[in-house]
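Take a look at the fold below.

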Amino acid sequence: MSKPFHLRFSLLLLFSVLMISVGIIVPLVFRHHDITIQNVSFDIPYEMLEQTYRADIDLQSQGKKVSWIELLSCLSENYQGDLSRYRQEDLDDLKSELCSGKSVRELVHDKEQYSCYLKLYETVLGGFVGDVERQQEDYGLKVFSPLPKGFPYTHYDDFGAERTYGYRRSHLGHDLICQSGTPVTAIESGTVEALGWNQYGGWRIGIRSFDKKRYYYYAHLQKDRPFQSGLSIGKVVCAGDVIGYTGQTGYSRTENESNIEIPHLHIGLSISPDDSSEEIWVDLYGITRFLEQHRAEVFYDLQTKEFHSAAPSSDAS
Ligand SMILES: [Zn+2]
């Protein structure tokens with residue numbers, strides 16, 4: 001089920017406030033050309049992500065290079081941000097126009113607004129689709145679900161739910177409820193920027209994408225054995241690599257304590273559209289559903305007692 005889409009943002013100089021959907025978060029201010037955008041939040045519904053991705057692959061196979069990010073931006077502009085209006089027929093019509101020779105920019109009404117969507121979506125989804133080395137197909141999804149094939153989990157959209165440990169605050173992430181000890185795989189390739197204990201996240205890992213626009217946060221990892229051996233700050237990891245194991249650590253100033261009631265993986269995604277130091281956290285519910293189609297295969301090594309990716313890649317791009 002997908003919740004109505006919300007993306008909310010205001011374009012101060014040219015537009016008044018557009019109320020779109022998406023679970024919003026911390027106010028964001030970035031400049032694009034002469035437009036200042038505030039309060040951007042992101043929550044594209046799963047169906048729109050999935051169908052524009054399929055359209056991207058289909059267009060690519062026809063030699064038409066139009067990315068899903070351009071398709072998403074064009075549709076968002078056409079809907080004036082009200083993505084609850086999304087229908088697959090509109091995407092099909094858009095594809096037909098593109099195949100008849102028109103460009104995306106010819107099909108938008110307000111090019112400034114289109115550019116704003118393009119920038120936002122490139123920031124959130126920019127590393128998701130492209131040429132891949134790990135699989136046989138050479139163009140497709142470069143990112144993986146954070147939990148590999150064969151390891152069940154449940155989840156619901158819990159972004160923004162109240163949390164009270166330490167202080168009253170919003171839940172700026174997404175929880176995947178699963179058994180303790182489930183291997184965690186990196187969603188996107190990147191560089192390990194944080195590794196260790198945090199009183200809120202317990203044992204946690206922070207990985208920044210190579211373009212530095214996305215910071216992934218994996219928390220509440222397993223007591224005693226939270227991280228894959230060899231992982232260290234500064235190390236490059238590839239999408240789909242095993243980086244750690246789920247648990248219920250956290251909510252304590254004392255290292256290695258498990259004060260979380262239910263074992264789960266907390267994942268967070270913070271975006272940096274420009275060089276802004278602000279943290280803008282993204283609702284990952286739709287994205288997590290989208291990534292369910294792409295779960296890494298892992299195997300257990302009896303000697304090291306660790307899981308490893310069955311298809312390790314040297315692709316660190
Ligand atoms: Zn959480």
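A residue counts as buried if 20 or more other C-beta atoms lie within 10 Å of its own, as exposed if 12 or fewer do, and as partly exposed in between; the C-beta atoms are placed from the backbone. This is a predicted model, in which local features need pLDDT of at least 70, side-chain atom pairs count only at pLDDT 80 or more, and totals for chains, interfaces and linings use all residues. Residues are numbered from 1 along each chain as its sequence is written.

Start with helix H4, residues 111-125. Helices here are DSSP runs of H or I of at least four residues, strands are runs of E of at least two, and both are numbered from the N terminus. Of the 15 residues of H4, 11 are buried, so the helix is largely enclosed by the rest of the structure. Among them are Tyr 114, Tyr 117 and Tyr 121, and also Lys 119. The length of H4 fits too. The expected span is 1.5 Å times one less than the number of residues.

Now widen the view. The protein has 5 helices and 19 strands. Of its 317 residues, 43% are buried. Contacts are pairs whose C-beta atoms, placed from the backbone, lie within 7 Å. Among contacts between residues at least 6 apart in sequence, 64% join residues at least 24 apart.

Two other helices pack together. H1 (residues 46-61) and H3 (residues 88-99) meet at an angle of about 20 degrees, with axes 11 Å apart. Axes are lines fitted to C-alpha atoms over the stretch in contact, and angles run from 0 to 180 degrees between N-to-C directions. Angles under 35 degrees count as roughly parallel, over 145 as roughly antiparallel, 65 to 115 as roughly perpendicular, and the rest as oblique. H1 and H3 are therefore roughly parallel. From H1, Gln 51, Thr 52, Ala 55 and Leu 59 meet Gln 88, Leu 91, Lys 95 and Leu 98 of H3.

Ser 61 also belongs to H1. Is Ser 61 buried or exposed? It counts as exposed, because it has 9 C-beta neighbours inside 10 Å.

Gly 247 sits in the loop between strands S15 (242-245) and S16 (264-271). Gly 247 is buried, with 27 other C-beta atoms within 10 Å. Its contacts include His 220 and Pro 263. Gly 247 and His 220 are 27 residues apart in sequence, yet 5.6 Å apart in space, C-alpha to C-alpha.

Key:
Two residues are in contact if their C-beta atoms, placed from the backbone, lie within 7 Å. Lists of a residue's contacts leave out its neighbours within four places in sequence.
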